[in-house]
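Here is my note on the model below.

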Amino acid sequence: KQPQPVPQKVLEPKAIDLLKASSQRLAAAHSMSFTAIISYESPSRLGPPLVYTTKSEVLLQRPDKLRVITPADGHPSEFYYNGKTMVAFAPAQNLAAVADAPPTVDAMLKVAFDSHGTYFPFSDVIVADPYADIADGLTQAFYIGQSHVVGGTTTDMVGIITNGVFEQIWIGAKDKLPRRARAVYLDDPAQLRHDMELSKWKLDPAVAAGAFASAKAAKAQRMPFTHPDSLAAP
């Protein structure tokens, strides 16, 4: 089988303008909250993939606070970051992992992933400059058209290839907020799909004092953060 030719870099101005407008809207918010429903495919014994779904309630306060509550599916989990420490709490097991963290959300996300594999699929939405994260490695960007179904509103659809990921993004035509993203890793032979729906957007909401901590997590039994790779069998 002949290898597929590498497409030339093509960045359509309309697609880039939409991505930048969405990034600017997000970056201008001092605080935000939204709901993220993540669906991802996993191989099954019968061949066709199965789909698993999680739901996360996200609260962000720039530049140094994040809370992610994931009640379902799977084991409930909570994540808190207050600019100094990050806490991963499993309420069902009453276990909490606590670690020092750098003073910005962007730096914390990198440390959390590099150190113990903690990753949030919506990371590109909450960083200080979402477009910069996309632009680093962006080789394709094109405008697809409009949808009147996704997010209960009119959205503009953009297709991109960045850092080996093919992604389709739905952006609110009026408010410029991302409503859905669908991704496939190009080097994945199974071409498994990852889907994220973003809803219940609130930009610059009032944030209650103590929103980025948990009294139950503070009293929970401590355990160390562990990278998943360290648990793999030899």
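1. The accessible surface of the chain is about 13300 Å², and carbon and sulfur atoms hold 57% of it. Areas come from the Shrake-Rupley method with a 1.4 Å probe.

2. This is a predicted model, where local features need pLDDT of at least 70, side-chain atom pairs count only at pLDDT 80 or more, and totals for chains, interfaces and linings use all residues. Residues are numbered from 1 along each chain as its sequence is written, and side-chain values use heavy atoms, with hydrogens and water left out.

3. The chain has five helices and 13 strands (DSSP runs: H or I of at least four residues, E of at least two, numbered from the N terminus). Its radius of gyration is 19 Å, close to the 17 Å from the globule rule for 234 residues, so the chain is as compact as a globular protein of that length. The radius is taken over C-alpha atoms; the rule is 2.2 Å times the number of residues to the power 0.38.

4. Of the 234 residues, 39% count as buried (under 20% relative accessible area, 1.4 Å probe, protein chains only).

5. The second largest pocket has a volume of about 210 Å³. Its lining counts 13 residues; Asp73, Gly74, His75, Pro76 and Ser77 are the closest to its centre. A pocket is an open set of points on a 1 Å grid where a 1.4 Å probe fits, with protein on both sides within 12 Å along at least five of seven lines; lining residues have an atom within 4 Å of a point. The volume is the space filled by probe spheres set on the points, which are joined across faces, edges and corners.

6. Strand S3 (residues 47-61) gives the largest share of that pocket's lining, four residues.

Terms used: Buried means under 20% relative accessible area, exposed over 50%, partly exposed in between (1.4 Å probe, protein chains only).
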